[in-house]
Amino acid sequence: MTDKTAIITGANTGLGFECARALLESDPGWHVVLAVRDTERGADAAARLDAPGRTTVGELDLASLQSVRNFAAGLPHRGLPPLRALVCNAGLQLVAGAQTTADGYEMTFGVNHLGHFALVQQVLAALTAPARIVVVSSGTHDPARFTGMPAPQYNSAEELLRPPPGGLTGEEGRRRYTTSKLCNMLFSYELDRRLGHGAGGITVNAFDPGLMPGSGLARDYSGIQRLAWRLLMPALRVLPNVNSTRRSGANLAAVVADPGLDGVTGAYFEGTRRIRSSRDSYDEAKAADLWQVSERLVPAVH
C-alpha cells in the first residue's frame with residue numbers, strides 16, 4: 001500500500017523516467033506523479049513503468065505559469081498519499097531562434113528555472129514533513145570544471161528574461177543553458193535558507209546527473225550534431241561522471257529517498273557523492289536577485 005507521493009517533472013522520458021522507475025522498484029510505498037507536458041506520452045510512460053495504481057499522470061507545461069497553477073490546484077483532488085518529495089527535473093537546451101514561454105520569457109530560463117520556481121511556490125504548502133525537494137542542475141554550471149560547454153554568465157535575472165537581439169546562436173544557447181543550471185543552484189541554496197536549513201522538516205538539495213549520452217538535451221541540435229551525440233558520446237562512458245540515464249536515474253532516486261540522507265540539506269550531489277558546487281553558486285547577492293525577480297514574475301499563492 002502506498003503511503004507517500006513523489007512528483008517528478010519531465011518524467012515521461014530520460015532521467016525523470018528512470019528516477020520514477022527506481023523509486024517504484026525500491027519501495028512499494030511510493031506513488032509517483034509523472035508531471036509532463038504531453039499526457040499521452042505520460043500515459044505511455046506510466047504503462048512502461050508497469051506499477052498499476054502507483055502512478056498518476058499530471059499535465060504540467062513549465063513554459064506556462066497558468067499550467068503550473070492548474071497542476072498545483074488539481075493535486076488536492078487526486079486522492080494521493082502525503083506528498084513527501086518534489087523532483088525539479090525537466091529541462092531543455094536551445095541553440096537557435098528566439099523562443100519564449102507563454103508568459104513572454106526566454107524559453108531556457110522560463111522552463112529550467114522560472115517554471116520550477118513557480119511549481120515549488122505553488123506546492124510547498126502541500127508537502128508533508130519530512131519531505132525533500134531535489135533540483136536537478138548540472139556540472140556545466142561550474143566554469144572551473146571542463147565540460148566542453150561555455151561558462152555561465154549571470155549578471156542579473158533581468159538580463160535572462162528575454163532572448164538576445166537576433167535570437168540565439170549555438171554558443172549563446174549553450175551559455176543560456178549553463179546559466180540556467182547556475183540558476184538552479186542559486187535557487188536551491190536560497191530556498192534552503194528561506195526554509196531554515198531543514199528546520200521545518202523540508203530539505204532542499206541539488207543534483208548533477210553527469211553527462212548522459214542517452215538524454216534528450218541535444219534534440220535542438222543540427223542533424224550532424226545529433227548524430228555525433230548519439231553515436232560518439234556513449235564511448236565516453238569510461239570517463240568520470242558520464243552515465244547512462246538508468247544509472248543517473250537510480251542516483252537521483254537515492255538523493256530523493258535514501259534514509260541515510262535524512263536531514264541532509266543545502267547540499268550538492270554529483271551522483272550520490274556530495275561535493276562543492278561552483279564559487280558563484282554560493283553568491284547570496286546573486287541568489288537574492290534571482291529570487292526577487294522570480295517572485296515578482298510568479299503570482300503569490302492565495
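This is a predicted model: local features need pLDDT of at least 70, side-chain atom pairs count only at pLDDT 80 or more; totals for chains, interfaces and linings use all residues.
Me: What makes the contact between Glu-190 and Arg-194 a salt bridge?

Reply: The side chains of Glu-190 and Arg-194 meet at 2.8 Å, N to O, and because a salt bridge requires a Lys or Arg side-chain nitrogen within 4 Å of a carboxyl oxygen of Asp or Glu, the pair qualifies. Both residues lie in helix 5 (residues 170–194), 4 residues apart, which is about one turn of the helix.

Me: Why is Glu-190 called buried?

Reply: The relative accessible area of Glu-190 is 9%, and buried means under 20%, so the term applies.

Me: Why does Arg-194 count as partly exposed?

Reply: Arg-194 has a relative accessibility of 44%, and because partly exposed covers the range between under 20% (buried) and over 50% (exposed), that label follows.

Me: How do you know that Glu-284 and Arg-193 form a salt bridge?

Reply: Their side chains meet at 4.0 Å, N to O, and the cut-off is within 4 Å, so the pair is counted. This pair links distant parts of the chain, with Glu-284 in helix 8 (residues 284–297) and Arg-193 in helix 5, 91 residues apart. Arg-193 is itself partly exposed, with a relative accessible area of 26%.

Me: What makes Asp-283 and Lys-286 a salt bridge?

Reply: The closest N and O atoms of Asp-283 and Lys-286 are 3.3 Å apart, and the limit is within 4 Å, so the pair meets the criterion. Asp-283 is partly exposed, at a relative accessible area of 24%.

Conventions
Residues are numbered from 1 along each chain as its sequence is written. Side-chain values use heavy atoms; hydrogens and water are left out. Helices (H or I, at least four residues) and strands (E, at least two) are DSSP runs, numbered from the N terminus. Buried means under 20% relative accessible area, exposed over 50%, partly exposed in between (1.4 Å probe, protein chains only).
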